[in-house]
Structures are given as C-alpha cells and as structure tokens.
Amino acid sequence: MHDIRWIRENAAAFDKALGRRSLDDQSRKAFSSANLLAIDERRRAAILQFEQAQARRNAASKEIGAAKKNKDEAAAAALMAEVNALKDRLPALEAESKSAEEELNKLLATIPNLPLAEVPDGQDEHGNVEHHKHGAVRNYSFTPKQHFELGEALGMMDFETAAKLSGARFVVLKGQLARMERALGQMMLDVHTQEHGYEEINPPLLVSDDAMFGTAQLPKFEDDQFFAADSSSLTQMAGQIADMLDKLDASGEELLAIEKAALQGSRRWLIPTAEVPLTNLVRESIIDESKLPMRLTACTPCFRAEAGAAGRDTRGMIRQHQFTKVELVSITTPEQSNAEHERMLASAEAVLKKLDLHYRVVTLCAGDMGFASQKTYDIEVWLPGQNMFREISSCSVCGDFQARRMNARYRGKDNKPAFVHTLNGSGVAVGRALVAVMETYQEADGSIVVPDALAPYMGGMKKIERKA
RNA sequence: GGAAGGGUGGCCGAGUGGUUUAAGGCAGCGGUCUUGAAAACCGCCAGAGGGGCAACUCUCUCGUGGGUUCGAAUCCCACCCCUUCCGCCA
C-alpha cells in the first residue's frame, strides 16, 4: 500500500517508477498520480467540512455544560437548538468524507509496489537478468528421465490415486519418496535455524481476510486462493440469504455481493505460502528496534488454486494445488532491508549448495515482479529431465509496502514509530527440491542416489530403488 | 456449545454522564550529580488524520460496529477476542 502523502510530494517519481510495471491502459490511468491526487483533494475537502462541524458541536456542548452550571436555561436551550440543527448536517458530511476515503483506499490497495532503481527494465520474464550461476550440467550416459517417470516407475508417486481423492494437481507420495520429501524439509529447517539465525515457527495454515490483505494476496489475487468455511456458518448463511431473497428482488450481482458479505465472517483462507502467517506475526504492533531484524522460518503445506495456469505443467509435481515449502521471512529497519535481501538469497542458495544442485540466480525485471515486491531474485534449479531451469525460490524485499497494510511498526532511537520493512523468500520449495534431486541424482536403472546432505535424515540410506 | 468474568496508551493500571483536556506507575528519551556506572532528583513521552509559512490548532481513537444524549471510556444493543469452569473432541 502506498502512502498518499508520499505520492503528493513525489508525484513525478511515483508515475515514473510505476510506469516500469507492466499494466493495462485502464490501470495506468487509474493509478496515475493525477487521478489519485484528485480523489485525495476531494477527500481532504470533505474531511475539513466534517471536522469543522464536529468542532462546533463539541464547543457548543461544552458551553451548554457551563450555561447549565450558571442556571442560564435560556442560553442552554438556544445552544441545544444550534447543536440539533448541526446534527442534521453531520451524517451527510460524514458519509461524504468516508466515501472519498474509501474510494482512495480501495484504489491504493490494488496498486503494485514500485521497483527499486537498480531493477532492470522489462515487460515479462524475457527481461530478467542472470545474476550468477552455480555448478554445471552433469553428463549422463543415458537420456535423463523426468521426475514423474522416475517416481511412477519406482511405485512411489501416484497421480491417478490422488485424482480419485482430490482431483487434478494432487499427488500421493509413498515410501522412500515420501520420506525424502520429509527429509528435505527437515534439513532445510535445520540449516536455517542452526546456520542462518532464523527462528522456527509452526504457524496456522488457515488465516483471516485481514492477514491475507496484509501481505497483499487480497484483494487482487482472490482467484488464486482456496478458502475454508465451517459448515454450520454456511448453513446459517444460506438461511440469511433465503430471508433476504424474500425481502428484495435481488439481481445475480447483488446476490453474489450478499453471499460474499455473509461468507466474510466465517471463512478462513488456506495459506498460499507461509509468508502470510510469518509476516503477519508483527501486524498491528510496535516493535522495539533492538528486536530487529527478526528472522523467521517455517515448513508448511501451501495451497494455490492455480486458476490462471490451465494447461501449464499438467504432468508431474511442478505445479500442484498443494505443496510443501520452507519459507524465510525477515522483519527489519529500512536501513537494513537491502543487505538483508542479499543475506536471505545466500541462505536459500546454501540449501541448494548442500544438495549440490546446479542453479542460477536471476534478477526479475520490473514487469515480471510480484505485486508487493520492490526487487526480487529468483533461484532457478536445473532439471535434467526437463532440460531446463525451473524456479525453486523467489526472494523479495517489499520495503514498507506490506507493513503499511498490516500497520506493523518499530520504535527507533528517535522514539517515533516508523513502518518496518519486510522480506520473504523460499528457502526453498520442498516439492520442487524433491523433483530436482530425483532428476539430478537418477541412475540409468531408474534408482535415485540419496545426496550426502540428506542421508542423515533418511537413516543413512544411500539409494532409493524399486522394491523387489 | 453453555455459564461467569474481562478487553483503557509500548507495558501495567485508575477511572459509573459534563475541570478526563484519560490519573498514577513501569519502560524509553534528555538533563543534574558522578572518574565511570548505579541510585536519587528534574524534564519530555499514545497513535492516526486534517488545517496553517509558522507558532499553533482541530478531529477521531478506551476491543469492533451501531444506538441513547446537548454531551459517552462511563448507559443500551449486536458482534469479535481473552481468561476460568462445564460439555464435546484429536
């Protein structure tokens, strides 16, 4: 969320930076400082009128108190008449200032963060710039298979049964592959807690609307999310809707609005990433500067509707409705955040280095970055079976963009509260790490060599093979 | 789910319709004293949003939203959350 006062004072810089994002023409117009500041003007004028009326009401009420004390009933009655007249005007003035405020906030809530100056220009993933590479493509004496071919042949990866239980984009892992996925998560948590100073958190997986707004999954990306509602509330809701239908001749659109409003109280969102609960840990609070930076990590399932990904990565575990991910979150001061970003990237890379996987780091261009990000590094791991790099981590610095939405502040030396900076990154995606290990460590016979770093987490096992 | 109690500034806590313009304490910041520190003493110290070149000033916020009233932290209604007990439950 942007600060309207900052936009007021830096209108040209705002327009220029936002212009580097890829936006459609309609958004470009709506998000222009000219449009925002026009609404802001209206808002401030309305506030001024409303508050002046309130000020007079308050002053007159005090005068009434004084008049009554002096037994001057005539003066009191005259003042009461004045206040009553004033009170007729107040609701309209309040409505006006509230609606202007709401209009501005609704618009601000859908404007993406501004890219930092050093972020490269570009419209989409083709504009991304390689930062550095680690390792090299291995030589195989055979044609490497894709992970799902390997997993299905081993009898430990079952998409068909998963479809029976849950539909497309789910998987059942069995036996040693299930264990290896667990081992990967354990190993990553140990690396981050023991070597990188992150605190392990076991957060809720169902979160409120407010939490989802705080990290900016809402309102704009509602379609990518799953939610859960308790059944009894839904039954109640159905009753309410039925009652309302009797009273009004509702159109389809109105019905949907009623349904959404009724749902709002009872629903919880399934987290699309542990970034949401971890970052919101500091929402609506003022943290002492001595507690910063806070470094948090969690290994959780993540849930994504993948609404816009029809037809993409339909085979295998690359794009699932449910996957496991180890997440890293840092809460810092504004001064520390960029250095923390580099540190977080290094922490994520350390995991891939331990697994001895080939990868590259790319700096996302302005047009390809996520909504809340100021600057993003993606780590892409080499998949021999797919013969290409695939994203396995994304590390972003968000500045005060999320902090403003969450109202998360710290108190520094000058004793004034200021918004914290937030960062998040995968450290790393566990499902995709399993894919990378399987494809990288496969043998000609379809077995998978267990990387040394993982062996202690798998009871010293050296190799995953099909049961005889 | 039922019953009872509670929610006041960063924290603790007083406050039952009009000098509350939210007391007091803790923590924090600045100072005096000290070789330095501690203690003691003095001062400052909630947040957000408006107006003003500025000095300054106004509005809102006592869990949230409504209501009563000339006037609400205080009275009424609804909801949320916390604590304790009971029930159910992994």
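1. Of the RNA strand B atoms that come within 4 Å of the protein, 85% are sugar or phosphate atoms, and the rest belong to bases. Keep in mind while reading these notes that this is a predicted model.

2. Who sits around the RNA? There are 24 residues surrounding RNA strand B, and the closest are Arg5, Arg43, Glu51, Gln54 and Arg57. Sorted by type, the residues of this surface come out as ten charged, eight nonpolar and six polar.

3. Which elements build that surface? At least two residues each come from α1 (4-9), α4 (33-69), α5 and β14 (408-411). Helix α4 gives the largest share, with twelve residues.

4. Some individual contacts to look up on screen. Arginine 43 has a polar side-chain atom 2.4 Å from a phosphate oxygen of RNA strand B. For glutamine 54, the partner is a sugar or linking oxygen of RNA strand B, and the distance from its polar side-chain atom is 2.7 Å.

5. Now have a look at α5 itself. This helix runs over residues 73-108, 36 residues in total. From first C-alpha to last it reaches 51 Å, close to the 52 Å expected at 1.5 Å a residue. There is still a kink of about 30° in α5, at arginine 89, shortly before proline 91.

6. The buried residues of α5 are Ala76, Leu79, Val83, Leu86, Leu90, Leu93, Ser97, Ala100, Leu104, Leu107 and Leu108. If you are checking the spacing in that list, recall that an α-helix has 3.6 residues a turn, so residues three or four places apart point the same way.

7. Helix α2 (residues 11-18) is worth a view down its axis. Phe14, Ala17 and Leu18 are buried there.

8. Last, a residue in a strand: aspartate 288, which lies in β8 (residues 285-288). With a relative accessible area of 42%, aspartate 288 is partly exposed. Its side chain makes a polar contact of 2.8 Å with the side chain of serine 290. How far is aspartate 288 from leucine 173 in space? The two are 44 Å apart, C-alpha to C-alpha, and 115 residues apart in sequence.

Key: Residues are numbered from 1 along each chain as its sequence is written. Chains are lettered from A and ligands numbered from 1 in the order in which they are written. This is a predicted model: local features need pLDDT of at least 70, side-chain atom pairs count only at pLDDT 80 or more; totals for chains, interfaces and linings use all residues. Side-chain values use heavy atoms; hydrogens and water are left out. Helices (H or I, at least four residues) and strands (E, at least two) are DSSP runs, numbered from the N terminus. The expected span of a helix is 1.5 Å times one less than its number of residues. The bend at a residue is the angle between axes fitted to the seven residues ending there and the seven starting there. Buried means under 20% relative accessible area, exposed over 50%, partly exposed in between (1.4 Å probe, protein chains only). A residue is near a molecule or strand if one of its heavy atoms lies within 4 Å of it. A polar contact is a pair of N or O atoms within 3.5 Å; within protein, one must be able to donate a hydrogen and the other to accept it, and residues adjacent in sequence count only if both atoms are side-chain atoms. Ala, Val, Leu, Ile, Met, Phe, Trp, Tyr, Cys and Pro count as nonpolar, Asp, Glu, Lys and Arg as charged, and the others, Gly among them, as polar.
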